[in-house]
Amino acid sequence: MTEQETKDLEEEVNTEAQEDITEQEETEETIVKDPEQLATELADLNQRFLRVAADFENYKRRTALEKDDLLKYSNAKLMGELLPVLDTFQLALKSPGESAETQNVIKGVEMIYRQMMQVLEQAGMSKIEAVGQHFDPNLHEAIMQVEDDTVPEETVVEELRAGYMLRERVIRPSMVKVSK
């Protein structure tokens, strides 16, 4: 290698080194920021983190509640579909049985009805008490109003169709007559 080539090579290396130093200084200048600006950015990031953490906690609580509701009320549709069957059982039990044979059939139907009600009650279903209660539009469906001086106004006088609840939810309201 000639002396000129060596000088050119040294110059080139020096130029590249100088450029690297300049880039490094520029990078250091951009890295070093005002402490107030850093404190503001830190506070902003901390607030964002706290909001995200709170949102996540709310999400976890909400999904846990939804899961509990789903488990509690998963049988509601099936129970609603069984209510006409219960109504039919109740009608069968009201019919008079005159012969001994008919009485035996009615006793069998009554046993099936009690067993079915017991299973449904164990699953969380309960009958809505209506007669003698104050009319509640959330629990009762009034289809008639009657004059009755023996009971206070807005009191359920007669239940025409039983209503049922699954825990705290109404599956079907009671169909009732209400006093004026």
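## The largest pocket

Helix 3 supplies the largest share of the lining of the largest pocket, four residues. Helices (H or I, at least four residues) and strands (E, at least two) are DSSP runs, numbered from the N terminus. The model is predicted: local features need pLDDT of at least 70, side-chain atom pairs count only at pLDDT 80 or more, and totals for chains, interfaces and linings use all residues. Residues are numbered from 1 along each chain as its sequence is written, and side-chain values use heavy atoms, with hydrogens and water left out.

The pocket holds about 190 Å³ of space. Its lining consists of Asp87, Gln90, Leu91, Lys94, Lys127, Glu159, Leu160, Arg161 and Ala162. Helix 3 (76–94) and strand 3 (156–161) are the elements that give two or more residues to this lining. A pocket here is an open set of points on a 1 Å grid over the protein atoms alone, where a 1.4 Å probe fits, with protein on both sides within 12 Å along at least five of seven lines; lining residues have an atom within 4 Å of a point. Grid points are joined across faces, edges and corners, and the volume is the space filled by probe spheres set on the points.

Strand 6 covers residues 174–179, and six of its six residues are buried. Buried means under 20% relative accessible area, exposed over 50%, and partly exposed in between (1.4 Å probe, protein chains only). In a regular strand the side chains alternate between the two faces of the sheet. On one side of strand 6 sit Ser174, Val176 and Val178, on the other Met175, Lys177 and Ser179, all buried.

Strand 2 (residues 140–146) pairs with strand 6 in the parallel sense, over six bridges. Strand 3 pairs with strand 6 in the antiparallel sense, over four bridges. Pairing requires that DSSP finds at least two bridges between two strands. Met175 has Glu141 opposite, and Arg161 also stands opposite Met175.

## Helix 4

Helix 4 (residues 100–122) has its end C-alpha atoms 33 Å apart, which agrees with the 33 Å that its 23 residues should span at 1.5 Å a residue. The expected span is 1.5 Å times one less than the number of residues. Ile106, Val109, Tyr113, Met116, Met117 and Leu120 are its buried residues. Their cover includes helix 3, strand 1 (125–127) and strand 4 (164–166), with contact meaning heavy atoms within 4.5 Å.

## Positive phi in loops

Glu154 is in the loop between strand 2 and strand 3. Its phi is near 65 degrees, positive in a residue other than glycine. Glu154 counts as partly exposed because its relative accessibility is 29%.
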